[in-house]
Amino acid sequence: MSLIKDKINSENLPKHVAIIMDGNGRWAKSRGEKRTFGHKNAIDAVRNAINACNEINIPYLTLYTFSSENWNRPPEEVNALMSLLVETLLLEADEIFSKGLRMHVIGNIEKLPPLVKEQLLRVVELTKDNIKGNLVLALSYGSQNEILNAVKNISVDVKEGKVDIDSIDQKLFESYLYTKDFPPVDLLIRTSGEIRISNFLLWQIAYAELQFLDVLWPDFTKDIFFQCIVDYQNKERRYGLTGDQIKIQ
Ligand code: IPE
Ligand code: IPE
Ligand code: MG
């Protein structure tokens, strides 16, 4: 029973929610523990976000799980995160499948250890026919690189005569991004109190609503998620128009 959930208008749900899951290290530190303790305790929060989305039928959830810059963390922490990822995928694959979720991965997965890549691709394959919702993991992901790669690949196609320069528009450009099959982000949530984007989905959040929460990721609950949706629904998305124009529409 969630009273907050009852306040949600099912007619005005975001199609795509993206979350920057930040604050694991500080959560652990405040308990006198090592940073990796925070990562281990983040799994329940991930489950909460996935379940909350699934309960109210939000079709796309993208989770920023590991950034291209996170490779520069101490090797022990990177290794711990990679092991945790494999463990979690092994434990949760059936649950993801039985919820009807299709898993996708965006990012430079070639950089991931073979075992991580293998498990990821296994779950992607296992869930490929699911249609209830989409769970997108951004892993080894950096938005500037994604955009640069799109530019390079379009240039190659122009050079080879497959693309005419005059046909390069927003839609064509988006078809070269990792997110080509997903709708734009409607709501971006970041936990931990930091107000920054950290190289996440720069193109895709052009008109997203942004919410920065003073909650550390391991403390994230379903009710916090539902409250984010309620707050999202109280915003008027204007896309450059005036408030009066939006009311007439
Ligand atoms: C987010 O928590 C998890 C990853 C970036 C992998 P952090 O590890 O960044 O935690 P803080 O920000 O240091 O508290
Ligand atoms: C962003 O968090 C990346 C993920 C949550 C996976 P960081 O903790 O890496 O971001 P910065 O470095 O504080 O901006
Ligand atoms: Mg952080």
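Let's start with Asp186: this residue is buried, at a relative accessible area of 11%. Buried means under 20% relative accessible area, exposed means over 50%, and partly exposed is in between, with a 1.4 Å probe and protein chains only.

A word on what you are looking at. This is a predicted model, where local features need pLDDT of at least 70 and side-chain atom pairs count only at pLDDT 80 or more, while totals for chains, interfaces and linings use all residues. Residues are numbered from 1 along each chain as its sequence is written, chains are lettered from A and ligands numbered from 1 in the order in which they are written, and side-chain values use heavy atoms, with hydrogens and water left out.

Back to Asp186. It is in the loop between helix H8 (170–174) and strand S5 (187–190). Helices (H or I, at least four residues) and strands (E, at least two) are DSSP runs, numbered from the N terminus. The Asp186 side chain makes a polar contact with the side chain of Arg237, at 3.0 Å. A polar contact is a pair of N or O atoms within 3.5 Å; within protein, one must be able to donate a hydrogen and the other to accept it, and residues adjacent in sequence count only if both atoms are side-chain atoms. Leaving aside residues up to four places away in sequence, Asp186 also touches others, including Pro14, His16 and Tyr232. Contact here means heavy atoms within 4.5 Å.

Next, Asn134. This one sits in strand S4 (residues 133–141). Asn134 is buried too, at 14% relative accessibility. Its side chain makes a polar contact with the side chain of His104, at 2.7 Å.

Now the ligands. Where does ligand 1 sit? Ligand 1 is in the largest pocket. On a 1 Å grid over the protein atoms alone, a pocket is an open set of points with protein on both sides within 12 Å along at least five of seven lines. A molecule sits in one if more than half of its atoms lie within 2 Å of its grid points.

Ligand 1 has 13 residues around it, and the closest are Asp22, Gly25, Arg26, Arg35 and Arg73. Near means that a heavy atom of the residue lies within 4 Å. Helix H2 (24–29), helix H3 (35–40) and helix H5 (75–98) each supply at least two shell residues. H2 has the largest share, three residues. A side-chain N or O atom of Arg26 is 2.7 Å from a ligand 1 oxygen. The protein covers 87% of the 380 Å² of accessible area that ligand 1 has on its own. Those areas are Shrake-Rupley values with a 1.4 Å probe; for residues, only the protein chains shown count as cover.

Which strand gives the most to the shell around ligand 2? Strand S2 (residues 60–67) does, with three residues. Asn70 places a polar side-chain atom 2.9 Å from a ligand 2 oxygen. For Arg190, that distance is 3.3 Å. For the Ser198 side chain, an N or O atom is 2.6 Å from a ligand 2 oxygen. Alone, ligand 2 exposes 390 Å², and the protein buries 78% of that.

Last, backbone angles. Most residues other than glycine have a negative phi. Ser198 has a positive phi, near 50°. Ser198 lies in the loop between S5 and strand S6 (209–212), and is partly exposed at 31%. Tyr239 also has a positive phi near 50°. Tyr239 is in the loop between helix H9 (222–233) and helix H10 (243–248).

Definitions and conventions:
1 Å grid on protein atoms, 1.4 Å probe; cavity = no way out; pocket = protein on both sides within 12 Å on 5 of 7 lines; lining within 4 Å.
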